[in-house]
Amino acid sequence: MKNYLSLLLFFCITIAAAENYPYRSDVLWVTVPDHADWIYETGENPEIEVQLYKYGIPVDNVTLDYEIGGDMMPSDSKGSVILKNGRAKIKTGTMKSPGFRDCRLSANIDGTTYKHHVKVGFSPDKIEPYTQMPQDFNDFWQKNIDELNNLPLQYTIKSAPEYSTDKMDCYLVKLIVNKQGQAIYGYLSMPKDAKPGSCPIVLCPPGAGIKTIKEPLRHKYYGENGCIRFEMEIHGLNPEMTEEQFAEISKAFNGKENGYLQNGLDNKDNYYMKRVYLACVKAVDFLTSLPEWDGKNVAVQGGSQGGALSIVTAALDPRVTLCVANHPALSDMAGYKAGRAGGYPHFFNTPGMDTPEKLETMAYYDVVNFARNLNVPVFLTWGYNDNTCPPTTSYAVYNVISSPKEALITPINEHWTSEATERAHLDWILSHLKK
């Protein structure tokens, strides 16, 4: 396992201040486990030094309350210590089985309560998924792929000059993805004046939610560095709609009890995400039909739900040659049945989701089962303080991958990636292209 550990905490704090610490906050938390990589063997008892500052001045003689429990689990111990010159030390307790413990912190300073947390891992390279692969998993998906292959390629494309640059042209694409005529939209970025057979392609599925494609120019460096990039949505909603329209649709069709990730979960053939997984394969059909494609390189790249869809697409489509994913969602979703963290969307937080029918369907759509089938190089990134896609589930995915793999582990990260990490995704892709 090749790990590039972001462990220089003060530098991480500077870079990630807007994420782990509220922008322009008066208060700064620093948590320093006594193992530099935040990793312990099962049976070890970590000690964490907590530092707390206000206005950059150590907070003194203030009570620091803490609760400690397994990753995404209720606390099993709690206590308090007094901060002296802004510092205190806390023992987290140990674990007998591989996993993570989460130390949740709070302190009241001048009438305001401030909170933070830090997770440490115990033999996480030995975490195994709870989710098992159904016997007909591969047959189920091959049957659906075969049906998809009978669907002719149908799309419209128009110029999007508002998202073009002097080095890259951008287009809005509408792609039909199934025989019912349902569609997805996406922004296609391409190097200006690209020659036939010259460009690798990069498919970028979206994070979770019903939302517009935000900031299509954020990753313009793909198109400006020789790649064809397709940033897609999954619901068939034109990204030219207003933010207000997207918000109304999301409220109507994406509530906790009626969201698309729950839609049809009682039956693997009717589950909403079947359409989504197959739409990603259809997007590869579209991209590989472009004359500018180099005929050799197809990468998938995304985060959270997009990370899940990247792994799914790489496993389903033999044309994919590279896979990049950060903190993948939909991973070991039934992990809660083992008394530990399960993956987003955390179905078991909603009453009525723990049924035999739903559990059966989850297994056909769980990322760990697709990860087991990967046969292309993979670059996976994740953080430890993530409560959306917890580290337990990222390790469950990474540990079952048998193809060449690399990990960028950034312990301090919650559910985000820095711009430097985002750019590193492209650098990794470019360094692994087939010549």
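Predicted model: local features only at pLDDT ≥ 70, side-chain atom pairs only at ≥ 80, totals over all residues.
**Entry: largest pocket**

I started with the empty space. Rolling a probe the size of a water molecule over the atoms shows where such space is left. The largest pocket holds about 930 Å³. I then listed its lining, which comes to 37 residues. Nearest the centre of the largest pocket I noted G207, K211, R218, G303 and E422.

Which elements give two or more residues to this lining? I found β14 (228-232), β15 (293-303), α7 (305-316) and α11 (419-431). I also sorted the lining of the largest pocket by residue class. Ten residues are nonpolar, 17 are polar and ten are charged.

**Entry: second largest pocket**

Next I turned to the second largest pocket, with about 390 Å³ of space. Its lining has 18 residues. N178, K179, Q180, K274 and L278 lie nearest the centre of this pocket. Two or more lining residues come from each of α3 (137-149) and α6 (272-288). Which element gives the largest share? I noted α6, with five residues. By class, the lining of the second largest pocket splits into seven nonpolar, six polar and five charged residues.

I looked up strand β18, residues 405-409. Is β18 largely enclosed, or is it open? Four of its five residues are buried, so the rest of the structure largely encloses this strand. I used under 20% relative accessible area as the cut-off for buried.

Then I checked the pairing of β18. Strand β17 (residues 378-382) pairs with β18 in the parallel sense, over five bridges. Within this pairing I noted that F379 stands opposite E406 in β18.

Strands of a sheet pair through backbone hydrogen bonds, either parallel or antiparallel. This sheet has five strands in the order β2-β9-β8-β5-β6, and its pairing is mixed. Which strands stand at the edges? They are β2 (39-40) and β6, each with a single partner strand, so one side of each is left without a neighbour in the sheet.

Inside the sheet I looked at β5 and β8. These two pair in the antiparallel sense over seven bridges. D65 has S106 in β8 as its bridge partner.

I also picked out F100, which sits in strand β8. F100 counts as buried because its relative accessibility is 1%. F100 and G70 are 30 residues apart in sequence. In space, their C-alpha atoms are 5.9 Å apart.

**Entry: salt bridges**

I ran the search for salt bridges over the whole structure and got 18. I wrote up some of them.

D110 with K54: the closest N and O atoms are 2.8 Å apart. D110 lies in the loop between β8 (99-109) and β9 (112-122), and K54 lies in strand β3 (residues 47-54), so the pair ties together parts that are 56 residues apart in sequence. Are the two partners buried or exposed? D110 is exposed, at 66% relative accessible area. K54 is buried, at 13%.

K119 with D71: this salt bridge spans 2.5 Å, N to O. The pair links distant parts of the chain, 48 residues apart. K119 is in strand β9, and D71 is in the loop between β5 (62-70) and β6 (75-83). I noted that both K119 and D71 are buried.

D76 with R101: here the closest N and O atoms are 2.9 Å apart. D76 is exposed, with a relative accessible area of 52%. R101 counts as buried, at 8% relative accessibility.

Technical notes: Residues numbered from 1 in each chain as written. Heavy atoms only, no water. 1 Å grid on protein atoms, 1.4 Å probe; cavity = no way out; pocket = protein on both sides within 12 Å on 5 of 7 lines; lining within 4 Å. Points joined across faces, edges and corners; volume = space filled by probe spheres on them. Nonpolar A, V, L, I, M, F, W, Y, C, P; charged D, E, K, R; others polar. Buried < 20%, exposed > 50% of the residue type's maximum accessible area, 1.4 Å probe, protein only. Pairing = 2+ DSSP bridges. Salt bridge = Lys/Arg side-chain N within 4 Å of Asp/Glu carboxyl O.
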